[in-house]
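Have the 3D view open as you read.

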Amino acid sequence: MKSDVDPNEEGLLSDAPEPALEVPPPPPHTLSSMFRVELAARSHPGREGAHNEDHYLVLRAERALEPLLTNLPEAALPCRFDETVYGMLVADGLGGMPAGETASALALCKIVEMVVETPDWVMRMSRLKAAVVKRRMAERFRRIDETLRERADKDARLLGMSTTLTVACSLGPDLFLGHIGDSRAYLLRGDELQQLTRDHTLGQALIDSGIGEAENTIVRGMRHVLTAALGIAELQAGAQIRHLQLSQGDQLLLCTDGLTENVDAATTAAILSGAHSADEACRELIKAALSVSGDDNVTVVLARYSLPQAA
Amino acid sequence: MTAEKAPSAEAASQPVQVDLGALSHPGKVRPSNEDHYLVATFERSMRTLLTSLPEGEIPYHYADTAYGLLVADGMGGAAGGEMASRTAISALIELVLRTPDWIMSLNEELAKDVLHRLNQRIKQAEAVLLEKARLDPRLMGMGTTMTIACSLGARLVIAHVGDSRAYLFRKGQLYRLTCDHTVAQALANVGAIGPEAVASHPMRHLLTHVIGAQGGSALADLNCLPLSDGDQVLLCTDGLTDMVEEAAIAQSLAVGRPAAEVCRALAEMALEAGGLDNLTVLIARYRMPQ
(Lines give C-alpha, C1' and ligand atoms only; values in the text may rest on other atoms or scores of the structure.)
Protein backbone atom coordinates (compact mmCIF):
# COMPACT_ATOMS: atom_id res chain seq x y z
CA MET A 1 0.00 0.00 0.00
CA LYS A 2 1.75 3.14 -1.14
CA SER A 3 0.90 6.62 -0.09
CA ASP A 4 1.87 9.35 -2.54
CA VAL A 5 1.51 12.18 -0.09
CA ASP A 6 4.77 14.11 -0.20
CA PRO A 7 6.10 14.50 3.34
CA ASN A 8 7.68 17.80 2.35
CA GLU A 9 4.39 19.28 1.22
CA GLU A 10 4.33 22.83 2.55
CA GLY A 11 0.83 22.63 3.95
CA LEU A 12 1.60 19.98 6.55
CA LEU A 13 4.61 21.66 8.10
CA SER A 14 3.09 25.14 8.11
CA ASP A 15 0.10 23.79 10.04
CA ALA A 16 2.33 22.55 12.84
CA PRO A 17 1.12 23.96 16.17
CA GLU A 18 3.19 25.86 18.75
CA PRO A 19 6.09 26.39 19.16
CA ALA A 20 5.85 28.53 16.02
CA LEU A 21 8.60 28.38 13.44
CA GLU A 22 10.31 31.77 13.11
CA VAL A 23 10.69 31.37 9.38
CA PRO A 24 7.44 31.32 7.39
CA PRO A 25 7.36 28.42 4.93
CA PRO A 26 9.30 29.64 1.89
CA PRO A 27 8.66 28.57 -1.67
CA PRO A 28 11.08 25.73 -2.42
CA HIS A 29 13.48 27.72 -4.62
CA THR A 30 14.53 30.64 -2.42
CA LEU A 31 17.65 29.06 -1.05
CA SER A 32 20.30 31.74 -0.97
CA SER A 33 22.70 29.50 -2.90
CA MET A 34 20.57 29.92 -5.96
CA PHE A 35 21.48 33.61 -6.27
CA ARG A 36 24.29 34.15 -8.73
CA VAL A 37 26.79 36.77 -7.61
CA GLU A 38 29.65 37.93 -9.82
CA LEU A 39 32.43 39.51 -7.79
CA ALA A 40 35.51 41.57 -8.59
CA ALA A 41 37.82 43.87 -6.69
CA ARG A 42 40.84 46.08 -7.41
CA SER A 43 43.07 48.40 -5.45
CA HIS A 44 45.76 50.79 -6.64
CA PRO A 45 48.15 52.87 -4.56
CA GLY A 46 47.95 55.82 -6.99
CA ARG A 47 51.36 57.37 -7.52
CA GLU A 48 54.43 55.33 -8.28
CA GLY A 49 55.99 54.09 -5.03
CA ALA A 50 53.12 55.22 -2.83
CA HIS A 51 51.99 52.98 0.03
CA ASN A 52 48.52 51.54 -0.19
CA GLU A 53 46.64 52.18 3.05
CA ASP A 54 43.42 50.82 1.61
CA HIS A 55 42.54 47.16 2.07
CA TYR A 56 39.66 45.10 0.74
CA LEU A 57 38.29 41.64 1.42
CA VAL A 58 35.64 39.53 -0.29
CA LEU A 59 34.41 36.38 1.46
CA ARG A 60 31.93 33.63 0.78
CA ALA A 61 30.40 31.71 3.67
CA GLU A 62 28.42 28.53 3.13
CA ARG A 63 26.49 26.03 5.15
CA ALA A 64 25.37 22.65 3.88
CA LEU A 65 23.68 19.51 5.09
CA GLU A 66 25.03 16.45 3.31
CA PRO A 67 23.30 13.08 3.74
CA LEU A 68 26.06 10.45 3.72
CA LEU A 69 24.29 7.21 4.52
CA THR A 70 20.55 6.59 4.55
CA ASN A 71 17.78 4.24 3.56
CA LEU A 72 15.34 7.08 3.06
CA PRO A 73 13.89 7.18 -0.45
CA GLU A 74 15.07 10.13 -2.53
CA ALA A 75 11.65 11.79 -2.39
CA ALA A 76 11.89 12.02 1.40
CA LEU A 77 14.85 14.41 1.29
CA PRO A 78 14.65 18.01 0.06
CA CYS A 79 16.62 18.69 -3.14
CA ARG A 80 18.89 21.54 -2.06
CA PHE A 81 20.67 21.73 1.25
CA ASP A 82 22.95 24.73 1.10
CA GLU A 83 22.91 28.44 1.92
CA THR A 84 25.45 31.07 0.84
CA VAL A 85 26.36 34.46 2.27
CA TYR A 86 28.75 36.97 0.68
CA GLY A 87 30.80 39.54 2.58
CA MET A 88 32.48 42.56 0.99
CA LEU A 89 34.65 44.95 2.98
CA VAL A 90 36.70 48.08 2.22
CA ALA A 91 38.82 50.01 4.70
CA ASP A 92 40.80 53.21 4.15
CA GLY A 93 43.50 53.65 6.78
CA LEU A 94 44.57 56.99 8.20
CA GLY A 95 47.42 58.24 10.33
CA GLY A 96 50.43 58.11 8.08
CA MET A 97 52.82 55.17 7.85
CA PRO A 98 52.78 52.54 9.22
CA ALA A 99 49.59 53.38 11.08
CA GLY A 100 47.17 53.71 8.16
CA GLU A 101 48.14 50.46 6.47
CA THR A 102 48.04 48.64 9.81
CA ALA A 103 44.69 50.07 10.81
CA SER A 104 42.81 49.07 7.69
CA ALA A 105 44.33 45.58 7.63
CA LEU A 106 43.68 45.08 11.33
CA ALA A 107 40.02 46.04 10.95
CA LEU A 108 39.47 43.38 8.31
CA CYS A 109 41.42 40.69 10.17
CA LYS A 110 39.51 41.43 13.35
CA ILE A 111 36.17 41.02 11.60
CA VAL A 112 37.19 37.60 10.27
CA GLU A 113 38.36 36.61 13.75
CA MET A 114 35.04 37.64 15.30
CA VAL A 115 33.01 35.84 12.65
CA VAL A 116 34.97 32.61 13.18
CA GLU A 117 34.39 32.93 16.94
CA THR A 118 30.64 33.25 16.48
CA PRO A 119 29.08 29.79 16.90
CA ASP A 120 25.76 30.47 15.18
CA TRP A 121 26.03 32.28 11.86
CA VAL A 122 22.73 33.57 10.56
CA MET A 123 22.43 32.02 7.12
CA ARG A 124 18.73 32.22 6.53
CA MET A 125 16.65 35.31 7.05
CA SER A 126 13.74 36.09 9.32
CA ARG A 127 12.66 39.34 10.97
CA LEU A 128 14.14 38.28 14.28
CA LYS A 129 17.42 37.26 12.71
CA ALA A 130 17.66 40.48 10.70
CA ALA A 131 17.74 42.31 14.04
CA VAL A 132 20.44 39.92 15.28
CA VAL A 133 22.59 40.56 12.20
CA LYS A 134 22.31 44.32 12.64
CA ARG A 135 23.11 44.13 16.31
CA ARG A 136 26.14 41.93 15.67
CA MET A 137 27.43 44.28 13.00
CA ALA A 138 27.22 47.26 15.34
CA GLU A 139 28.94 45.27 18.07
CA ARG A 140 31.74 44.21 15.74
CA PHE A 141 32.38 47.82 14.70
CA ARG A 142 32.63 48.73 18.34
CA ARG A 143 35.10 45.94 19.05
CA ILE A 144 37.31 46.86 16.10
CA ASP A 145 37.44 50.42 17.42
CA GLU A 146 38.52 49.02 20.79
CA THR A 147 41.15 46.78 19.22
CA LEU A 148 42.68 49.60 17.21
CA ARG A 149 43.01 51.82 20.27
CA GLU A 150 44.47 49.01 22.38
CA ARG A 151 47.05 48.24 19.69
CA ALA A 152 47.95 51.90 19.29
CA ASP A 153 48.48 52.21 23.04
CA LYS A 154 51.14 49.51 22.86
CA ASP A 155 53.08 50.86 19.87
CA ALA A 156 54.12 54.50 19.51
CA ARG A 157 54.45 54.18 15.74
CA LEU A 158 50.74 53.42 15.56
CA LEU A 159 49.63 56.42 17.56
CA GLY A 160 46.40 57.82 16.23
CA MET A 161 45.89 55.03 13.71
CA SER A 162 42.35 54.81 12.45
CA THR A 163 40.36 53.57 9.51
CA THR A 164 37.12 53.92 7.65
CA LEU A 165 35.16 50.73 7.23
CA THR A 166 32.31 49.88 4.90
CA VAL A 167 30.91 46.35 5.07
CA ALA A 168 28.26 44.75 2.88
CA CYS A 169 26.83 41.33 3.62
CA SER A 170 24.30 39.68 1.31
CA LEU A 171 22.16 36.63 2.06
CA GLY A 172 19.99 35.90 -0.94
CA PRO A 173 18.15 39.18 -1.59
CA ASP A 174 18.83 40.55 1.90
CA LEU A 175 21.61 43.11 2.04
CA PHE A 176 23.11 44.42 5.27
CA LEU A 177 25.41 47.41 5.35
CA GLY A 178 27.66 48.60 8.14
CA HIS A 179 29.55 51.85 7.63
CA ILE A 180 31.77 54.40 9.29
CA GLY A 181 33.90 57.08 7.61
CA ASP A 182 34.00 58.35 4.05
CA SER A 183 34.38 55.22 2.01
CA ARG A 184 31.09 54.52 0.26
CA ALA A 185 28.59 51.93 -0.87
CA TYR A 186 26.54 52.55 -4.02
CA LEU A 187 23.74 50.61 -5.64
CA LEU A 188 23.20 50.72 -9.40
CA ARG A 189 19.61 49.72 -10.09
CA GLY A 190 18.57 50.15 -13.69
CA ASP A 191 20.14 53.49 -14.68
CA GLU A 192 20.08 55.01 -11.25
CA LEU A 193 23.15 55.13 -9.01
CA GLN A 194 22.10 55.46 -5.36
CA GLN A 195 24.54 56.27 -2.60
CA LEU A 196 23.69 53.88 0.24
CA THR A 197 25.97 55.33 2.89
CA ARG A 198 26.28 58.77 4.31
CA ASP A 199 29.79 60.23 4.66
CA HIS A 200 30.94 60.87 8.20
CA THR A 201 32.59 64.15 7.23
CA LEU A 202 32.26 67.77 8.25
CA GLY A 203 31.33 68.68 4.70
CA GLN A 204 28.42 66.24 4.75
CA ALA A 205 27.37 67.49 8.18
CA LEU A 206 27.26 71.05 6.80
CA ILE A 207 25.09 69.90 3.90
CA ASP A 208 22.82 67.90 6.20
CA SER A 209 22.26 70.84 8.52
CA GLY A 210 21.36 73.07 5.59
CA ILE A 211 24.31 75.42 6.14
CA GLY A 212 25.76 74.92 2.69
CA GLU A 213 25.35 73.14 -0.65
CA ALA A 214 27.79 70.57 -1.91
CA GLU A 215 29.35 73.01 -4.42
CA ASN A 216 30.00 75.62 -1.75
CA THR A 217 33.77 76.22 -1.38
CA ILE A 218 33.81 75.88 2.39
CA VAL A 219 31.69 72.75 2.28
CA ARG A 220 34.01 71.28 -0.34
CA GLY A 221 36.99 72.07 1.80
CA MET A 222 35.45 70.20 4.70
CA ARG A 223 34.65 67.06 2.80
CA HIS A 224 37.84 65.28 3.94
CA VAL A 225 37.43 66.08 7.59
CA LEU A 226 36.15 62.93 9.21
CA THR A 227 33.61 63.13 12.01
CA ALA A 228 33.75 59.40 12.66
CA ALA A 229 36.21 56.56 12.04
CA LEU A 230 37.36 53.45 13.90
CA GLY A 231 40.27 53.85 16.28
CA ILE A 232 40.07 57.50 17.33
CA ALA A 233 38.80 57.82 20.85
CA GLU A 234 37.50 61.32 20.67
CA LEU A 235 35.33 60.72 17.63
CA GLN A 236 31.88 59.32 18.30
CA ALA A 237 32.18 55.97 16.55
CA GLY A 238 28.54 55.47 15.66
CA ALA A 239 28.28 53.06 12.75
CA GLN A 240 25.43 53.33 10.23
CA ILE A 241 23.68 49.98 9.93
CA ARG A 242 21.11 49.33 7.18
CA HIS A 243 19.05 46.43 5.85
CA LEU A 244 17.85 46.54 2.24
CA GLN A 245 16.39 44.20 -0.40
CA LEU A 246 18.26 43.48 -3.60
CA SER A 247 16.61 43.11 -7.01
CA GLN A 248 17.48 41.36 -10.23
CA GLY A 249 20.41 43.01 -11.99
CA ASP A 250 21.50 45.15 -9.03
CA GLN A 251 25.16 46.14 -8.87
CA LEU A 252 26.66 46.88 -5.47
CA LEU A 253 29.82 48.99 -5.43
CA LEU A 254 32.02 49.57 -2.40
CA CYS A 255 34.81 52.09 -2.84
CA THR A 256 37.25 54.36 -1.01
CA ASP A 257 37.31 58.10 -1.54
CA GLY A 258 40.19 57.73 -4.00
CA LEU A 259 37.41 56.88 -6.48
CA THR A 260 34.69 59.29 -5.47
CA GLU A 261 37.02 62.29 -5.29
CA ASN A 262 37.99 61.88 -8.91
CA VAL A 263 35.09 60.20 -10.69
CA ASP A 264 31.59 61.64 -10.61
CA ALA A 265 28.40 59.63 -10.20
CA ALA A 266 27.39 59.85 -13.85
CA THR A 267 30.72 58.42 -15.04
CA THR A 268 30.62 55.70 -12.40
CA ALA A 269 27.10 54.71 -13.44
CA ALA A 270 28.10 54.65 -17.10
CA ILE A 271 31.09 52.41 -16.41
CA LEU A 272 29.04 50.03 -14.30
CA SER A 273 26.29 49.82 -16.90
CA GLY A 274 28.59 49.42 -19.86
CA ALA A 275 31.16 46.93 -18.57
CA HIS A 276 30.76 43.33 -19.73
CA SER A 277 32.11 41.90 -16.53
CA ALA A 278 32.51 42.98 -12.93
CA ASP A 279 36.27 42.77 -13.35
CA GLU A 280 36.19 45.04 -16.43
CA ALA A 281 34.10 47.54 -14.48
CA CYS A 282 36.64 47.58 -11.65
CA ARG A 283 39.53 48.10 -14.08
CA GLU A 284 37.72 50.92 -15.82
CA LEU A 285 36.83 52.65 -12.57
CA ILE A 286 40.43 52.56 -11.37
CA LYS A 287 41.61 53.83 -14.74
CA ALA A 288 39.13 56.68 -14.62
CA ALA A 289 40.26 57.67 -11.12
CA LEU A 290 43.97 57.55 -11.96
CA SER A 291 43.47 59.58 -15.14
CA VAL A 292 42.33 62.48 -12.95
CA SER A 293 44.78 62.13 -10.07
CA GLY A 294 47.17 59.69 -8.41
CA ASP A 295 47.11 61.50 -5.11
CA ASP A 296 45.25 58.87 -3.17
CA ASN A 297 44.90 55.11 -2.98
CA VAL A 298 41.83 53.92 -4.87
CA THR A 299 39.90 50.73 -4.14
CA VAL A 300 36.73 49.27 -5.63
CA VAL A 301 34.75 46.11 -4.86
CA LEU A 302 31.84 45.18 -7.12
CA ALA A 303 29.07 42.59 -6.84
CA ARG A 304 26.60 41.93 -9.65
CA TYR A 305 23.46 40.08 -8.59
CA SER A 306 21.32 37.65 -10.60
CA LEU A 307 18.25 36.45 -8.79
CA PRO A 308 16.62 33.13 -9.63
CA GLN A 309 13.42 33.40 -11.67
CA ALA A 310 10.22 32.91 -9.72
CA ALA A 311 8.42 29.65 -10.60
CA MET B 1 47.13 46.39 -9.13
CA THR B 2 46.66 43.95 -6.32
CA ALA B 3 44.18 41.12 -6.31
CA GLU B 4 45.98 38.36 -4.43
CA LYS B 5 44.30 35.80 -2.27
CA ALA B 6 45.71 35.18 1.20
CA PRO B 7 46.40 31.46 1.41
CA SER B 8 47.36 29.95 4.71
CA ALA B 9 46.66 26.80 6.69
CA GLU B 10 43.06 25.73 7.11
CA ALA B 11 41.67 26.84 10.43
CA ALA B 12 38.99 24.52 11.84
CA SER B 13 37.65 24.60 15.36
CA GLN B 14 38.77 21.10 16.24
CA PRO B 15 40.33 18.51 13.90
CA VAL B 16 37.95 15.58 14.44
CA GLN B 17 38.01 12.59 12.07
CA VAL B 18 34.99 10.33 11.95
CA ASP B 19 34.66 6.87 10.40
CA LEU B 20 30.99 6.14 9.69
CA GLY B 21 29.04 2.97 8.96
CA ALA B 22 25.33 2.19 8.70
CA LEU B 23 23.18 -0.77 7.82
CA SER B 24 19.48 -1.61 7.95
CA HIS B 25 17.89 -4.99 7.24
CA PRO B 26 14.25 -6.11 7.36
CA GLY B 27 15.29 -9.30 9.21
CA LYS B 28 14.07 -12.81 8.40
CA VAL B 29 10.51 -12.60 9.57
CA ARG B 30 8.97 -9.17 8.87
CA PRO B 31 7.64 -8.53 5.34
CA SER B 32 9.02 -4.99 5.15
CA ASN B 33 11.51 -2.68 6.80
CA GLU B 34 9.92 -0.05 9.00
CA ASP B 35 13.25 1.19 10.30
CA HIS B 36 14.79 4.30 8.75
CA TYR B 37 18.13 5.92 9.43
CA LEU B 38 20.21 8.88 8.36
CA VAL B 39 23.85 9.78 8.78
CA ALA B 40 24.63 13.33 7.67
CA THR B 41 27.21 16.05 8.03
CA PHE B 42 26.40 19.68 8.76
CA GLU B 43 29.11 21.98 7.57
CA ARG B 44 29.73 25.69 7.68
CA SER B 45 32.70 27.20 5.89
CA MET B 46 34.17 30.52 4.92
CA ARG B 47 36.48 31.14 1.98
CA THR B 48 38.47 34.22 1.01
CA LEU B 49 37.65 34.97 -2.61
CA LEU B 50 39.53 38.22 -3.18
CA THR B 51 41.71 40.33 -0.91
CA SER B 52 44.57 42.79 -0.78
CA LEU B 53 45.56 41.65 2.69
CA PRO B 54 49.07 40.24 2.95
CA GLU B 55 49.43 36.48 2.75
CA GLY B 56 48.93 34.63 6.03
CA GLU B 57 46.97 37.41 7.76
CA ILE B 58 43.68 35.53 7.66
CA PRO B 59 42.81 31.88 6.99
CA TYR B 60 42.11 31.28 3.33
CA HIS B 61 39.58 28.59 4.20
CA TYR B 62 37.83 27.86 7.47
CA ALA B 63 35.39 25.01 8.10
CA ASP B 64 33.42 23.42 10.93
CA THR B 65 31.74 20.03 10.56
CA ALA B 66 29.12 18.44 12.78
CA TYR B 67 27.92 14.85 12.43
CA GLY B 68 24.31 13.71 12.89
CA LEU B 69 23.10 10.13 13.32
CA LEU B 70 19.40 9.25 13.51
CA VAL B 71 17.52 5.98 13.81
CA ALA B 72 13.75 5.65 13.76
CA ASP B 73 11.77 2.43 14.29
CA GLY B 74 8.25 2.82 12.94
CA MET B 75 5.09 1.07 14.10
CA GLY B 76 1.40 1.03 13.23
CA GLY B 77 -0.30 -1.13 10.66
CA ALA B 78 0.68 -2.20 7.16
CA ALA B 79 1.90 1.12 5.75
CA GLY B 80 2.01 3.13 8.93
CA GLY B 81 5.33 2.01 10.39
CA GLU B 82 7.40 2.68 7.30
CA MET B 83 5.64 6.00 6.70
CA ALA B 84 6.02 7.09 10.32
CA SER B 85 9.77 6.58 10.62
CA ARG B 86 10.49 8.06 7.23
CA THR B 87 8.21 11.08 7.75
CA ALA B 88 9.67 11.84 11.16
CA ILE B 89 13.23 11.96 9.82
CA SER B 90 12.40 14.04 6.76
CA ALA B 91 10.31 16.47 8.84
CA LEU B 92 13.27 16.90 11.14
CA ILE B 93 15.62 17.60 8.22
CA GLU B 94 13.19 20.14 6.80
CA LEU B 95 13.07 21.91 10.17
CA VAL B 96 16.85 21.96 10.43
CA LEU B 97 17.16 23.45 6.93
CA ARG B 98 14.70 26.19 7.86
CA THR B 99 16.60 27.10 11.00
CA PRO B 100 18.33 30.43 10.33
CA ASP B 101 21.31 29.90 12.61
CA TRP B 102 22.85 26.47 13.10
CA ILE B 103 24.88 26.25 16.30
CA MET B 104 28.23 24.81 15.26
CA SER B 105 30.28 24.77 18.43
CA LEU B 106 29.31 24.04 21.98
CA ASN B 107 29.81 25.24 25.46
CA GLU B 108 27.41 24.50 28.32
CA GLU B 109 25.03 27.27 27.37
CA LEU B 110 24.97 26.42 23.67
CA ALA B 111 24.55 22.71 24.38
CA LYS B 112 21.36 23.56 26.27
CA ASP B 113 20.18 25.57 23.26
CA VAL B 114 20.89 22.69 20.88
CA LEU B 115 19.04 20.22 23.08
CA HIS B 116 16.13 22.62 23.44
CA ARG B 117 15.93 22.94 19.65
CA LEU B 118 16.05 19.15 19.19
CA ASN B 119 13.25 18.80 21.71
CA GLN B 120 11.12 21.36 19.85
CA ARG B 121 11.80 19.71 16.53
CA ILE B 122 10.74 16.32 17.83
CA LYS B 123 7.44 17.83 18.92
CA GLN B 124 7.01 19.51 15.54
CA ALA B 125 7.82 16.25 13.75
CA GLU B 126 5.12 14.58 15.82
CA ALA B 127 2.61 17.22 14.69
CA VAL B 128 3.44 16.35 11.08
CA LEU B 129 2.88 12.65 11.76
CA LEU B 130 -0.43 13.23 13.51
CA GLU B 131 -1.66 15.45 10.69
CA LYS B 132 -0.71 12.87 8.09
CA ALA B 133 -2.55 10.17 10.03
CA ARG B 134 -5.58 12.44 10.33
CA LEU B 135 -5.69 12.86 6.56
CA ASP B 136 -5.30 9.17 5.77
CA PRO B 137 -7.18 6.69 7.97
CA ARG B 138 -4.94 3.84 6.85
CA LEU B 139 -2.13 5.59 8.76
CA MET B 140 -4.11 6.09 11.93
CA GLY B 141 -2.11 5.36 15.05
CA MET B 142 1.23 5.28 13.26
CA GLY B 143 4.21 6.23 15.36
CA THR B 144 7.95 5.91 15.59
CA THR B 145 10.86 5.83 17.99
CA MET B 146 13.69 8.23 17.37
CA THR B 147 17.22 8.32 18.71
CA ILE B 148 19.46 11.19 17.59
CA ALA B 149 23.16 11.61 18.30
CA CYS B 150 24.87 14.72 17.07
CA SER B 151 28.54 15.54 17.57
CA LEU B 152 29.86 19.10 17.41
CA GLY B 153 33.60 19.18 17.87
CA ALA B 154 34.31 16.94 20.85
CA ARG B 155 30.85 17.08 22.36
CA LEU B 156 27.97 14.71 21.76
CA VAL B 157 24.32 15.62 22.22
CA ILE B 158 21.63 12.94 22.42
CA ALA B 159 17.86 13.28 22.03
CA HIS B 160 15.82 10.12 22.44
CA VAL B 161 12.24 8.85 22.38
CA GLY B 162 11.33 5.15 22.45
CA ASP B 163 13.26 1.91 22.65
CA SER B 164 15.93 2.35 20.02
CA ARG B 165 19.29 2.88 21.68
CA ALA B 166 22.53 4.82 21.72
CA TYR B 167 25.72 3.33 23.15
CA LEU B 168 29.20 4.65 23.80
CA PHE B 169 32.17 2.31 23.56
CA ARG B 170 35.17 3.83 25.34
CA LYS B 171 38.43 2.16 26.35
CA GLY B 172 37.03 -1.34 26.17
CA GLN B 173 33.77 -0.60 27.99
CA LEU B 174 30.26 -0.39 26.54
CA TYR B 175 27.98 2.25 28.10
CA ARG B 176 24.30 2.64 27.33
CA LEU B 177 23.52 6.31 26.74
CA THR B 178 19.74 6.02 26.57
CA CYS B 179 16.99 4.55 28.73
CA ASP B 180 14.33 2.43 26.98
CA HIS B 181 10.92 4.08 27.11
CA THR B 182 9.07 0.79 27.61
CA VAL B 183 6.61 -0.46 30.22
CA ALA B 184 9.02 -3.19 31.34
CA GLN B 185 11.80 -0.65 31.86
CA ALA B 186 9.43 1.68 33.68
CA LEU B 187 8.51 -1.17 36.04
CA ALA B 188 12.18 -1.82 36.71
CA ASN B 189 12.82 1.90 37.25
CA VAL B 190 10.31 1.98 40.10
CA GLY B 191 11.52 -1.33 41.51
CA ALA B 192 8.40 -3.34 40.65
CA ILE B 193 10.55 -5.84 38.80
CA GLY B 194 14.29 -6.50 38.92
CA PRO B 195 16.56 -5.13 36.15
CA GLU B 196 17.41 -8.64 34.95
CA ALA B 197 13.71 -9.34 34.32
CA VAL B 198 13.37 -6.53 31.75
CA ALA B 199 14.93 -8.40 28.83
CA SER B 200 12.36 -11.19 28.94
CA HIS B 201 9.35 -9.24 30.21
CA PRO B 202 6.19 -9.50 28.07
CA MET B 203 5.86 -5.70 28.05
CA ARG B 204 9.42 -4.99 26.98
CA HIS B 205 8.22 -3.70 23.60
CA LEU B 206 5.31 -1.64 24.86
CA LEU B 207 6.34 1.97 24.44
CA THR B 208 5.67 4.59 27.10
CA HIS B 209 7.06 7.37 24.90
CA VAL B 210 6.64 7.49 21.15
CA ILE B 211 6.44 10.07 18.36
CA GLY B 212 2.96 10.04 16.87
CA ALA B 213 0.49 7.24 17.75
CA GLN B 214 -2.13 8.88 20.00
CA GLY B 215 0.01 11.98 20.40
CA GLY B 216 1.31 13.75 23.47
CA SER B 217 3.95 11.27 24.57
CA ALA B 218 6.90 12.43 22.49
CA LEU B 219 8.80 13.33 25.65
CA ALA B 220 12.45 13.25 24.75
CA ASP B 221 15.38 12.43 27.00
CA LEU B 222 18.17 14.95 26.40
CA ASN B 223 21.81 14.39 27.15
CA CYS B 224 25.21 15.92 26.47
CA LEU B 225 28.64 14.40 27.01
CA PRO B 226 32.24 15.06 26.01
CA LEU B 227 33.90 12.73 23.50
CA SER B 228 37.48 11.43 23.64
CA ASP B 229 39.87 10.13 21.07
CA GLY B 230 38.97 6.54 20.11
CA ASP B 231 35.33 6.74 21.24
CA GLN B 232 32.79 4.78 19.24
CA VAL B 233 29.12 5.78 19.20
CA LEU B 234 26.57 3.12 18.21
CA LEU B 235 22.89 3.72 17.47
CA CYS B 236 20.55 0.83 16.86
CA THR B 237 16.94 -0.29 16.81
CA ASP B 238 15.76 -3.09 19.11
CA GLY B 239 15.99 -5.52 16.19
CA LEU B 240 19.71 -5.67 17.03
CA THR B 241 19.67 -5.69 20.82
CA ASP B 242 16.86 -8.25 21.03
CA MET B 243 19.00 -10.72 19.08
CA VAL B 244 22.54 -9.86 20.16
CA GLU B 245 23.79 -9.59 23.74
CA GLU B 246 25.49 -6.38 24.81
CA ALA B 247 28.63 -8.37 25.58
CA ALA B 248 28.79 -9.51 21.96
CA ILE B 249 28.26 -5.94 20.73
CA ALA B 250 31.10 -4.79 22.97
CA GLN B 251 33.34 -7.56 21.65
CA SER B 252 32.68 -6.56 18.03
CA LEU B 253 33.46 -2.92 18.76
CA ALA B 254 36.58 -3.85 20.71
CA VAL B 255 38.21 -5.39 17.65
CA GLY B 256 38.53 -1.87 16.19
CA ARG B 257 37.62 -2.70 12.58
CA PRO B 258 36.16 0.02 10.31
CA ALA B 259 32.62 1.07 11.17
CA ALA B 260 31.00 -0.37 8.03
CA GLU B 261 32.59 -3.75 8.69
CA VAL B 262 31.40 -3.89 12.30
CA CYS B 263 27.87 -2.92 11.20
CA ARG B 264 27.84 -5.87 8.82
CA ALA B 265 29.20 -8.23 11.48
CA LEU B 266 26.56 -7.17 14.00
CA ALA B 267 23.76 -7.47 11.43
CA GLU B 268 24.94 -10.98 10.56
CA MET B 269 24.91 -11.97 14.23
CA ALA B 270 21.36 -10.67 14.61
CA LEU B 271 20.16 -12.54 11.53
CA GLU B 272 21.88 -15.74 12.62
CA ALA B 273 20.13 -15.50 15.99
CA GLY B 274 16.77 -15.38 14.22
CA GLY B 275 16.36 -11.88 12.75
CA LEU B 276 12.91 -11.58 14.27
CA ASP B 277 12.58 -7.85 13.67
CA ASN B 278 13.86 -5.10 11.35
CA LEU B 279 17.32 -4.17 12.52
CA THR B 280 19.39 -1.03 12.04
CA VAL B 281 22.84 -0.22 13.31
CA LEU B 282 24.91 2.98 12.91
CA ILE B 283 28.48 3.38 14.10
CA ALA B 284 30.65 6.48 14.33
CA ARG B 285 34.30 6.09 15.34
CA TYR B 286 36.00 9.27 16.50
CA ARG B 287 39.66 10.19 16.16
CA MET B 288 40.77 13.41 17.80
CA PRO B 289 44.48 13.98 17.22
CA GLN B 290 45.88 16.16 20.01
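Predicted model: local features only at pLDDT ≥ 70, side-chain atom pairs only at ≥ 80, totals over all residues.

**The interface**

The contact between the chains draws on 65 residues of chain B and 66 residues of chain A.

How many salt bridges does the rule find across the interface of chain B and chain A? The rule finds one. A salt bridge joins A:Lys129 to B:Asp101, with the closest N and O atoms 2.8 Å apart.

If you colour the side of chain B that touches chain A by element, look for strand 2 (17–25), strand 3 (35–51), helix 1 (77–98) and helix 2 (108–135) of chain B, which each give two or more residues. Strand 3 of chain B has the largest share of that side, with 17 residues. By class, the side of chain B that touches chain A divides into 34 nonpolar, 16 polar and 15 charged residues.

**The pockets**

| Pocket | Volume | Lining by class |
|---|---|---|
| Largest pocket | about 790 Å³ | eight nonpolar, seven polar and 13 charged residues |
| Second largest pocket | about 440 Å³ | four nonpolar, seven polar and nine charged residues |

The largest pocket holds about 790 Å³ of space. Its lining has 28 residues, and the closest to its centre are B:Arg204, B:His205, B:Asp238, B:Thr241 and B:Asp242. Two elements of chain B give two or more residues to this lining, namely strand 4 (61–75) and helix 4 (238–241). With three residues, strand 4 of chain B provides the largest share of the lining of the largest pocket.

Which residues lie nearest the centre of the second largest pocket? They are A:Arg184, A:Asp199, A:Gln204, A:Ile207 and A:Arg223, out of 20 residues that line the second largest pocket. Helix 4 (202–208), helix 5 (217–221) and helix 6 (257–260) of chain A each bring at least two residues to the lining of the second largest pocket. Helix 4 of chain A gives the largest share of that lining, three residues.

Key. Residues numbered from 1 in each chain as written. Chains lettered and ligands numbered in written order. Heavy atoms only, no water. 1 Å grid on protein atoms, 1.4 Å probe; cavity = no way out; pocket = protein on both sides within 12 Å on 5 of 7 lines; lining within 4 Å. Points joined across faces, edges and corners; volume = space filled by probe spheres on them. Helix = DSSP H or I, 4+ residues; strand = E, 2+ residues; numbered from the N terminus. Nonpolar A, V, L, I, M, F, W, Y, C, P; charged D, E, K, R; others polar. Contact = heavy atoms within 4.5 Å. Salt bridge = Lys/Arg side-chain N within 4 Å of Asp/Glu carboxyl O.
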